[in-house]
Every structure is written in structure tokens, then in C-alpha cells.
Amino acid sequence: TAIFGLVAAGERHITAVCVYAPGEPMAMPCGMCRQVIAEFCHDAPVLVAGPRGVLRRSFAALLPEAFRLAPESVP
């Protein structure tokens with residue numbers, strides 16, 4: 001939802017993504033979220049925060065070989 005809001009406001013490049021959930025286990029982005037991240041964040045770092053601290057992953061580690069448009073084709 002946050003990414004769609006940014007895109008609707010005219011943003012097309014996101015430099016990092018942070019997901020926070022207070023429960024266990026730590027909430028990694030779901031498959032649909034990963035696809036949206038692939039389209040607008042390319043290889044942005046993904047930070048996952050919860051009671052145990054913060055995990056930092058490259059987006060490529062979360063969704064290897066993601067389908068996405070070439071950066072020059074994104075309006």
C-alpha cells in the first residue's frame with residue numbers, strides 16, 4: 001500500500017523498504033509485495049524489524065531472478 005501511494009504521488013524509484021511487525025516470527029514481505037518491490041525498488045535493501053531486532057537483506061536475496069521491466073521502460 002505504501003509503495004502504491006508513492007507511485008500515485010509520482011515517485012518511481014524507492015531506495016529502501018522497511019517492514020515492521022510486532023509479533024513472531026518476523027514478517028517478511030509476501031509474494032505480492034515482493035513483486036511490487038521488484039518493479040519499483042530494483043535491488044533496494046529490505047529491512048525487516050520486529051521484537052528481535054532488524055534483519056537486513058538485499059532484495060535479490062528475497063526474490064532471486066525476479067521478473068521486472070527494464071528500468072528505462074518504467075515511466
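**Figure 1. Contacts across the whole chain.** Among contacts between residues at least 6 apart in sequence, 61% join residues at least 24 apart. Contact here means heavy atoms within 4.5 Å. This is a predicted model, in which local features need pLDDT of at least 70 and side-chain atom pairs count only at pLDDT 80 or more, while totals for chains, interfaces and linings use all residues. Residues are numbered from 1 along each chain as its sequence is written, and side-chain values use heavy atoms, with hydrogens and water left out. The chain holds three helices and three strands. Their order along the sequence is α-β-α-β-β-α. Helices (H or I, at least four residues) and strands (E, at least two) are DSSP runs, numbered from the N terminus. Of the 75 residues in the chain, 31% are buried. Buried means under 20% relative accessible area, exposed means over 50%, and partly exposed lies in between (1.4 Å probe, protein chains only).

Figure 2. Helix α2 covers residues 31–41. Which of its residues are buried? They are R34, V36, I37, A38, F40 and C41. In an α-helix there are 3.6 residues a turn, so residues three or four places apart point the same way. After α2 comes H42, with a positive phi near 50°. Most residues other than glycine have a negative phi, and most peptide bonds are trans.

**Figure 3. I37, a buried residue of α2.** I37 is found in helix α2. Its relative accessibility is 2%, so I37 counts as buried. Leaving out residues up to four places away in sequence, I37 touches I3, V17, P29, H42 and F59. The pair I37 and F59 is 22 residues apart in sequence. In space, their C-alpha atoms are 8.0 Å apart.

Figure 4. Is R34 buried or exposed? R34 counts as buried, because its relative accessibility is 18%. A polar atom of the R34 side chain lies 2.6 Å from the backbone oxygen of P29. Not counting residues up to four places away in sequence, R34 touches M28, P29, F59, L62 and L63.

**Figure 5. Q35, a partly exposed residue of α2.** Q35 is found in helix α2. With a relative accessible area of 25%, Q35 is partly exposed. Beyond residues up to four places away in sequence, Q35 touches L63 and F67. Q35 and A66 are 31 residues apart in sequence. From C-alpha to C-alpha, Q35 and A66 are 7.5 Å apart in space.

**Figure 6. Two cysteines without a bond.** How many disulfides does a search of the whole structure find? The search finds zero. C30 is in no disulfide, and the nearest cysteine sulfur, that of C33, is 3.4 Å away. A disulfide is a pair of cysteine sulfur atoms within 2.5 Å. C30 counts as partly exposed, at 40% relative accessibility. C33 is partly exposed, with a relative accessible area of 39%.

**Figure 7. The loop between β1 and α2.** P25 lies in this loop. The peptide bond from E24 to P25 is cis, with omega near -5°. M26 lies in the loop between β1 and α2 too. At 10% relative accessibility, M26 counts as buried. Apart from neighbours within four places in sequence, M26 is in contact with V48, A49, G50, R52, G53, V54 and L55. M26 and L55 are 29 residues apart along the chain. Their C-alpha atoms are separated by 8.9 Å.

**Figure 8. The largest pocket.** About 280 Å³ of space lies in the largest pocket. Its lining has 15 residues, and T1, A2, I3, C33 and I37 lie nearest its centre. The elements α1, β1 and α2 each give two or more residues to the lining. The lining residues divide into 14 nonpolar, one polar and no charged. Ala, Val, Leu, Ile, Met, Phe, Trp, Tyr, Cys and Pro count as nonpolar, Asp, Glu, Lys and Arg as charged, and the others, Gly among them, as polar. On a 1 Å grid over the protein atoms alone, a pocket is an open set of points where a 1.4 Å probe fits, with protein on both sides within 12 Å along at least five of seven lines; lining residues have an atom within 4 Å of a point. Grid points are joined across faces, edges and corners, and a volume is the space filled by probe spheres set on the points.

Note on methods: A polar contact is a pair of N or O atoms within 3.5 Å; within protein, one must be able to donate a hydrogen and the other to accept it, and residues adjacent in sequence count only if both atoms are side-chain atoms.
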